[in-house]
Amino acid sequence: MTEKPIKKIAIFGGTHGNELTGVFLVQHWLQDGTEIQRTGLEVKPFITNPRAVKKCLRYIDCDLNRVFDFENLGKKMSEDLPYEVRRAQEINHLFGPKNSEDSYDVIFDLHNTTSNMGCTLILEDSKNDFLIQMFHYIKTSLAPLPCYVYLIEHPSLKYATTRSIAKYPVGIEVGPQPQGVLRADILDQMRKIIKHALDFIHHFNQGKEFPPCAIEAYKIMEKVDFPRNGNGEITAIIHPNLQDQDWKPLHPGDPVFVTLDGKTILFSGDCTVYPVFVNEAAYYEKKEAFAKTTKLTLNAESIHSSFH
């Protein structure tokens, strides 16, 4: 499959202001971008939510990573709008507009998770050969360090992510790391992912052909909330057997929650699933204890750029 060469790339940090690896890397690259420059590419590092970064909060008024839908992007600009909705319109203006010819080719959005997910690449479209090829290249380059692919394609769960304004949106999620903390090992992993991704694009632009490939991916099924009482208060917490077991199989009948009086709540599903974002700090407010995924294989045709 012939694709146009990639010209414009952005690297977003601070979409969530307390996920510090992306903030730290982007601030460094704004000072000295040598590491992320590649011949013939425009690579722009950018802090997406500066107010939240300043306060070291996930967001000021609402989650910036959930408001890039056409309803919010089309709202009449006014001081009454939530800060993140106004910011989304500015970002869409600078790097979009979403779904247009003028939008940036690739946006890497850098995130951290408190969950034990290691290196994770987030894919929004299972039919995107270019990104499947890129993810295959990154996974191969990082080996033996594992790198997982999380597919968030779903008929009813719509994310409207900050990166979704690009032709090729890439979510990069590295953990475990607490909010407001920088860990050197996590920083090193995220840095390597970006290096390999930019190398892939550089090779692609130079006319290198990438043969057909397949990658393993984990596709979201549904989100699971904590058990709660009538007042909406949590009545059980993640069971020790499930804690830190992201990407590991969870079978029907396995322990998932435990109550304060020691009662174990078992997984009631009818098939084996693979949990992700287990006990993620930022998802307590979203009423999500973990997400269930199913494992599948994604295939991509061979690709090369039309440049040569």
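Is I234 buried, partly exposed or exposed? I looked this up to open my notebook, and I234 counts as partly exposed because its relative accessibility is 33%. My scale is this: buried means under 20% relative accessible area, exposed means over 50%, and partly exposed lies in between, with a 1.4 Å probe and protein chains only.

**Ground rules.** I am working with a predicted model, where local features need pLDDT of at least 70, side-chain atom pairs count only at pLDDT 80 or more, and totals for chains, interfaces and linings use all residues. Residues are numbered from 1 along each chain as its sequence is written, and side-chain values use heavy atoms, with hydrogens and water left out.

**Entry on I234.** I found I234 in the loop between β8 (213-224) and β9 (236-238). A note on names: helices (H or I, at least four residues) and strands (E, at least two) are DSSP runs, numbered from the N terminus.

**Entry on the sheet.** Next I traced an open sheet of nine strands with mixed pairing, in the order β3-β2-β4-β7-β5-β6-β8-β13-β12. Its edge strands are β3 (42-47) and β12 (274-276), each of which pairs on one side only. From one strand to the next, the twist averages 30 degrees. For angles, axes are lines fitted to C-alpha atoms, for helices over the stretch in contact, and the values run from 0 to 180 degrees between N-to-C directions. Two strands count as paired if DSSP finds at least two bridges between them. I also reminded myself that strands of a sheet pair through backbone hydrogen bonds, either parallel or antiparallel.

**Entry on β2 and β4.** I saw that β2 (residues 8-13) and β4 (residues 106-112) pair in the parallel sense over four bridges. I9 has V106 in β4 as its bridge partner.

**Entry on β5.** Why is β5 largely enclosed by the rest of the structure? I noted that five of its six residues are buried, so the rest of the structure largely encloses β5. With β7, β5 pairs in the antiparallel sense over five bridges, and L121 stands opposite I172 in β7. With β6 (residues 147-151), β5 pairs in the parallel sense over five bridges, and there I122 has Y150 as its bridge partner.

**Entry on the helices.** I then followed α1 (residues 20-31), which lies across β2, β3 and β4 and runs at about 125 degrees to β3. Helix α6 (residues 184-205) lies across β2, β3, β4, β5 (118-123) and β7 (168-175), at about 170 degrees to β4.

I picked V273 in the loop between β11 (264-266) and β12. V273 counts as buried because its relative accessibility is 1%. Leaving aside neighbours within four places in sequence, V273 is in contact (heavy atoms within 4.5 Å) with residues including M221, K248 and F267.

T294 took me to strand β13 (residues 290-300). T294 counts as partly exposed, because its relative accessibility is 33%. Among its contacts, again leaving aside neighbours within four places, are A217, Y218 and Y274. I also checked F70, 224 residues away from T294 along the chain, and their C-alpha atoms are separated by 29 Å.

Last, where is N49 found? I located N49 in the loop between β3 and α2 (50-55). N49 counts as buried, because its relative accessibility is 0%. Not counting residues up to four places away in sequence, N49 touches G14, T15, R58, Y59, L64, Y83 and E84.
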